Amino acid sequence: MLNYILDLLLKQIFGQPFLLMAIIVFIGYVAMKQKFSKAITGAAKASIGVIVMGMGSGALIANFGKLLTALQNATGIQGAGLNTYPTMTAAYEKMDKILGDGTGASWGIYTLLVAFILNLVLVALRKFTKIRAVYLTGNAMIVQAGISTYIVWRFLGLGMIPTVLIAAAVTALYWGVCSTLLIKPTHEITGADFTIAHQQMVVSYIAYKVAPKLGHPDKDDIEKKKMPESLNFLQDNVIATALVMFISTAIIFLVIGGDQIDWLRSADGLNQGGLKNNIVFLVWIGITLTANIVVLLYGVRMFVGELMISFKGISEKLLPGAVAGVDCAAIFAFAPKSVVLGLLFGALGQLIGLGGLLIFKSPIFLVPGFIPLFFDNATIAIFANKFGGWKAAGVICTVNGIIQILGSALAVQMLQLTWWQGSADYATLWVAIIAIFKGIGHLFGIPIAG
């Protein structure tokens, strides 16, 4: 009877992310003294959102995985895609193969909850910790918690409780310290009392400090200059995603050649035998991958919206005066030209980085993804332009694009995943964190878990 109850609670309920997230949201609304109907509605939306996210992520990983298989068959090079949510899912799949279905996601959710509580504690003790920011970007939180969980489990090989505690501690410190660093520069950009809590916080802070040495913030401010209207379409997330997916797929087609393209058409590949024209097939793949990402992001927005309302309400009651850390997109409206500038120079940097991988015959080839390319470089460009103008933004985003590729290649090599975050902080700070955990595991002779 006891085993049945434990199985029901830990695996059938709390081990299922769609149920666990619904329970968390429901509790949050009740704690805020919302109507019962509002709590039920929020919980249902959160639950559906998790399922929709899984559908989009699963399809994206499956479809993109075929491209990587064709790339590896043609060249012998290990391929990996750069994107946030598929990295979390790929990490969970590795954990599930050893620990059982659903284990990775449940551990990741526990890490998320403990890390958020630790973040609140660090802010509550801000007199001593100097941490003032509460990280509230749920879509980034859930991914980062999942990746932290995988890193700790892979190299330390511990059970659930120590893995969750260690991963949560590292994640909470990253959230609290790094988002606090951006409170002052974010206020100078927006005039509002919030900070950026995302996945490029460290590099954005570096941009804030370095930019004044590279340009003049007033004379070179891109926001005061006219920009061609023909580039405005790049500010549409869906269109920009489709463009990046099309270009990425075209590059892969050029590398793999006709035989592997035919394999991709086959039933073992993407099962599109009717699309015999390569251009039409290329467009279909680009649009399909974009649609997968759109579905994934829609699901994320569904449950994140409900999750953040409940979490934010609780945190504000418990911690008056704390600064809310929000999605980086919150500052895009304050500097729309910098957003496009960041995308263009970030893409330039990533192309240079990819060229470096090929020139130096790296065993790993990376395929850029829209989320790290766009959101990271757009955000970094806003900070760089505000404090150093467009010249500073151009230099910093180009360098960041190169680092995103080279740092991500190191992360993929250490973690052996077919996806990696690709975000600025995860190509710099988190590469160092991975190396530290790998070194600790090696020092104590711990076998690599997955």
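Helix axes are lines fitted to C-alpha atoms over the stretch in contact, and the angles between them run from 0 to 180 degrees between N-to-C directions. Two packed helices are described by the angle between their axes and the distance between the axes. The model examined here is predicted.

Helix α2 spans residues 17-31, and helix α3 spans residues 36-75. Their axes come within 8 Å. They cross at roughly 155°. Angles over 145 degrees count as roughly antiparallel, so α2 and α3 are roughly antiparallel to each other. The crossing of the two helices is right-handed.

The contact between these helices can be listed residue by residue. From α2 come Pro17, Phe18, Met21, Ala22, Val25, Phe26, Tyr29 and Val30. On the α3 side they meet Phe36, Lys38, Ala39, Ile40, Gly42, Ala43, Ala46, Ser47, Val50 and Ile51. By class, the residues of the contact of α2 with α3 comprise 15 nonpolar, two polar and one charged.

A sheet is described next. Three strands form an open sheet, in the order β2-β4-β3. The pairing is parallel. Strands β2 (133-135) and β3 (194-196) lie at the edges, and each pairs on one side only. Neighbouring strands of this sheet are turned by 35° against each other on average, direction ignored. Strand β4 covers residues 323-326. Its pairing with β3 is in the parallel sense and runs over three bridges. Within the sheet, threonine 195 stands opposite glycine 325 in β4.

Backbone angles were also examined. Most residues other than glycine have a negative phi. Asparagine 271 is not a glycine, yet has a positive phi of about 55°. This asparagine is found in the loop between α11 (237-265) and α12 (278-318).

Phi of lysine 361 is near 55°, a positive value in a residue other than glycine. Lysine 361 is found in the loop between α13 (336-359) and β5 (364-367). At 73% relative accessibility, this lysine counts as exposed.

Technical notes. Residues are numbered from 1 along each chain as its sequence is written. This is a predicted model: local features need pLDDT of at least 70, side-chain atom pairs count only at pLDDT 80 or more; totals for chains, interfaces and linings use all residues. Side-chain values use heavy atoms; hydrogens and water are left out. Two strands pair if DSSP finds at least two bridges between them. Helices (H or I, at least four residues) and strands (E, at least two) are DSSP runs, numbered from the N terminus. Buried means under 20% relative accessible area, exposed over 50%, partly exposed in between (1.4 Å probe, protein chains only). Angles under 35 degrees count as roughly parallel, over 145 as roughly antiparallel, 65 to 115 as roughly perpendicular and the rest as oblique. A crossing is left-handed if the near helix is turned anticlockwise from the far one by less than a right angle, and right-handed if clockwise. Contact means heavy atoms within 4.5 Å. Ala, Val, Leu, Ile, Met, Phe, Trp, Tyr, Cys and Pro count as nonpolar, Asp, Glu, Lys and Arg as charged, and the others, Gly among them, as polar.
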